[in-house]
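Here's a quick look at how the parts of this chain meet. Have the structure open while you read.

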Amino acid sequence: MARLLIEGCKKLGGEVRVQGSKNSTLPILAATVLTKDENVLHNCPCLTDIDAALRILRYLGCKASRSGHTLVVNTKELTGDSIPDSLMREMRSSIIFLGAILARTGRARLYFPGGCELGPRPIDLHMDALRKMGAEITECHGEINCVARKGLRGAAIALSFPSVGATENIMIAACLAKGTTTITNAAREPEIEDLADYLNKCGGCIHNAGEGTLVIEGVESLHGTSHSIIPDRIVAATLMSAAAVTGSQIVLRDIIPAHLGAIMPAFEEAGCNINIKEGVMDFSSPQRLKAFRNVRTTPYPGFPTDAQAPVMAMATLAKGTTVFVETVFESRYKHVGEFLRLGAQVKAEGRVAVVEGVQNLYSSSLQAQDLRGSAALVVAALAAQGKSEINTTKYLERGYEDFDVVLSTLGAEIKKI
Ligand code: EPZ
């Protein structure tokens, strides 16, 4: 099992490109199932979660190959309508194949999905919506059996929470349903817009993506297309945090400023300087960071839950008190216990964490427990005096492509062993 060794307190500098978005690539890969055709997807990051999605596509009988950051997926042949438990458990996003397989074949058999442990992660909103669209769904010992005997039909769906995954599943299923589907209280994340762009290029008819009410007019069929995935806003936020805690100046390429709208104020209040021109961010941070206003994670356009851990790493060194309220997931503070080992002062109870910034962090041996928490441990270790060790890269590799190499390019002393 690979580990990371990080010698902290080195200034970063130089320029890197931000990778393509994992959370855009995954639903788009599932959506290719609708097209019965070849799809060429550019800017897809090399990640274990993406490999897991490719394994699912191949299991279903589709062809999928990678050349650098380009994936070519041909879904003409689809020999199966089920996904085994072992593949479903590899990541949460496997559940997005439900809407795609069901829309294409009229039936689907799969299992409850895996993914990072962030508290309970039910799929009731996905199932309720597909039932409304005409699917009969039975669940038994973790197995989910779906049949749409007369095909799927458009429906008016009101989500009680703007779930990203449920919105994606419904959008995909609705593309080939008879009639029009409306989703009120739909997720508005940039990844939803990217999925809609892809589906519309395939001949789909999705209106208002990125707004609260999505309208999807079902079409007879979709064709393949070529699409370039948007940059990963959470990776950008993580690199900004790394530069912030080390008092560094770096340049990030492939930035979409609007996608960072809720994140940037925290950095600016902490005293960082951000200039963005034509997709290039010039980022610099002061010698000592300042505490920033409460961070309350909420669905987009609010502060993203995925950036909470890396930004908290920054708060551990900021002068003053910063309060975090995690409203999206029930249990997303696993990194806090590891921060304490580095000498940080953080108290977490329930959904609230209070961070008293300290002057210095000190190296330690750290245990990674989830994807964004792992990234936050890397950020904190970059600022800690001495050599820290992170026990595994397995979570990090789900979402950050060659993160050790990217940080080394920026001058960090980080080694994967
Ligand atoms: C997506 O997960 C992302 N994953 C997550 O990124 C991200 O944290 C999350 O959206 C929120 O932004 C991918 O895109 C692959 P949700 P998803 O459905 O779709 C509850 C990362 O680190 N809920 O919006 O699973 C749920 O329990 C990851 O890259 C229900 O109650 O998120 C949670 O509390 C982790 N019933 C909340 O909604 C449902 O049927 C948000 O979940 C569905 C969700």
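## What counts as a salt bridge

Let's settle one term before anything else: a salt bridge here is a side-chain nitrogen of Lys or Arg within 4 Å of a carboxyl oxygen of Asp or Glu. Keep in mind, too, that this is a predicted model.

## Two domains

The chain splits into domain 1, made of 4-19 plus 231-416, and domain 2, covering 22-228. Going by C-alpha atoms, the centres of domain 1 and domain 2 sit 30 Å apart. For the contact, domain 1 puts in 25 residues and domain 2 puts in 24.

Together, domain 1 and domain 2 bury about 2,100 Å², and 52% of that is on carbon and sulfur atoms. On the domain 1 side, Tyr-300, Arg-398 and Glu-401 account for 31% of the area buried against domain 2, more than any other three residues.

## Charges and polar pairs

How many salt bridges cross the interface of domain 1 and domain 2? The rule turns up two.

## The domain 1 face

H13 gives the most, with three residues. By type, that side of domain 1 has 13 charged, eight nonpolar and four polar residues.

How values were computed:
Residues are numbered from 1 along each chain as its sequence is written. This is a predicted model: local features need pLDDT of at least 70, side-chain atom pairs count only at pLDDT 80 or more; totals for chains, interfaces and linings use all residues. Side-chain values use heavy atoms; hydrogens and water are left out. Domain bounds come from an automatic or database domain assignment. Contact means heavy atoms within 4.5 Å. Buried area is the accessible area (1.4 Å probe) that two parts lose on being put together, summed over both. Helices (H or I, at least four residues) and strands (E, at least two) are DSSP runs, numbered from the N terminus. Ala, Val, Leu, Ile, Met, Phe, Trp, Tyr, Cys and Pro count as nonpolar, Asp, Glu, Lys and Arg as charged, and the others, Gly among them, as polar.
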